[in-house]
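Here is a brief report on selected strands and helices. Look over the sequence and the fold, then read on.

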Amino acid sequence: MAPAPWDSVPPEDTLFALVTGANSGIGFAICQRLIDEYLTTRSLTSHLVVIPTTRSIRKSQETIDALRQHARQFAATSDILRSRAGPNYDPRSVTKRIHILSVQLDLCNLADVHRAAEQLVDGTVSSPADDNDVHFTSLTAVRIPRLDSVIFNAGMGGWTGLDWPKVFHNIFTKGLVQATTWPTFKAATAGHVVNPLPDVTDDKVPEMGQVFCANVFGHYLLAHKLVPLLSRRSESDSSIPPGRIIWESSIEPGWKNLSLSDFQAIKTNAAYESTKRLTDVLSLTATLPSARPFVNSYLQPATKSDSPATPPRIYLVHPGIVQTTLFPLNAFMFFWYRVVLYIARWLGSPWHPITGYNGAVAPVWLALQEQEALDAVNAEHVKWGSGTDWWGECRVLKTEVEGWGWDGTVGTRKELKNEKGERGIGRKIVGRKSGAVDLTEEKRVEFEMLGVECWREMERLRGEWEARLGRMLERK
């Protein structure tokens, strides 16, 4: 096994980031922005390892090629890099410090989740480069020593199109900005299920909610299996912060979207919103004492070690309103929907980044920010969103969550109006959902109790499905 380029670099001068669902859309844009911002903010000797996941070898190679092309172009055209390096600047000195690897991952196949995690934790990953490629280092059977950030972007919507009567009703009753920020006109059907262990033929395997499996449970199981790479051993990893599990949610979900009686979002025709509300609840309650017994169990490595470890941190983010192919529209509607989103931004919405690259600003900020800065703003208690002003200038904004507020702190509307220290779209009251109710202590307690129940059920499901998976692997 050949040494990797980063083996001789101090740990604090390397960053390892995994992004799921990264062959297109927001996931691909997150990888692009990671490359750009890392190169322009870190030392000229730092190495970045980006690991996009896709569902096939072909897509992985296409993604690697596309990201390498992006890195080449950025290195050749960035005035910031050129000014930092001086008159002898060589773009190849930059691209040689960017390493793109990829693993295949089907989140609706739990055996595949297990295989991908094992490959990262105990196996090797390769990413060959052409012999004539002077920009990138060919990587063959290299080990991943740790993960600094995993960004859970992959998912599915389960939508079928537009409910046109609701489109017009939303616009005329709420206004364009509210209608396009918190839409209720996405048509979908209930009953989407999947067999998460399709290779099991001799046992009856219960079905699981498909959107739930893709958006939440597949990621949940993956993160648990990646804990050895995300944890930090105190004696050997003192120079680097704990790993970060960054869950990507949506701006849309609220109280009504999640029902404990339909936990896997099988009966609802708003499965996507249900899973994103579950994502919000799990992430924001992860540090609360009442949920700690379940969270500690979840963040415990499968193979225990005698040396104490610092577990990873859990963060929550959303990309704002971004136009992607996740929502099924024909070419004609795709164009006009984009026009409508720009109009909403020009009317004052802070939540319309529109492009994937703009929508990636919050996930990348969480992945790259210094740990001390995150701790100073209690970042684990906030749903961070990608926002833009009228001109498209990107910012990372706090997002209000029903039952939690902006950071779990009870406040009043008067305090919001008198907020100090922020201007423009940075003020919490700007872009607030119409009819939003100020957080009360009773609602916060209710949110916390919901979080405990959700963590309890997720851990129960993890134990149940890991047992089934274990039996399947034993037979093989």
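## Strand β16: both faces

Both faces of β16 are covered in this predicted model. On one side, Lys383, Gly385 and Gly387 are buried. On the other, Trp384, Ser386 and Thr388 are buried. The strand spans residues 383-388, and six of its six residues are buried. Buried here means under 20% relative accessible area.

## Neighbours of β16

The hairpin of β16 and β17 has five residues between the strands. Within the hairpin, Gly392 takes a positive phi near 90°.

## Helices α8 and α10

Two packed helices are described by the angle between their axes and the distance between the axes. Helix α8 covers residues 210-225, and helix α10 covers residues 271-284. The two pack at an angle of about 30°. Their axes are 9 Å apart. The crossing is right-handed.

Which residues of α8 meet α10? They are Val211, Phe212, Asn215 and Val216. From α10, the contact takes in Ala271, Tyr272, Thr275, Lys276, Leu278, Thr279 and Leu282. The contact residues divide into seven nonpolar, three polar and one charged.

Methods: Residues are numbered from 1 along each chain as its sequence is written. This is a predicted model: local features need pLDDT of at least 70, side-chain atom pairs count only at pLDDT 80 or more; totals for chains, interfaces and linings use all residues. Side-chain values use heavy atoms; hydrogens and water are left out. Buried means under 20% relative accessible area, exposed over 50%, partly exposed in between (1.4 Å probe, protein chains only). Helices (H or I, at least four residues) and strands (E, at least two) are DSSP runs, numbered from the N terminus. Two strands pair if DSSP finds at least two bridges between them. Axes are lines fitted to C-alpha atoms, for helices over the stretch in contact, and angles run from 0 to 180 degrees between N-to-C directions. A crossing is left-handed if the near helix is turned anticlockwise from the far one by less than a right angle, and right-handed if clockwise. Contact means heavy atoms within 4.5 Å. Ala, Val, Leu, Ile, Met, Phe, Trp, Tyr, Cys and Pro count as nonpolar, Asp, Glu, Lys and Arg as charged, and the others, Gly among them, as polar.
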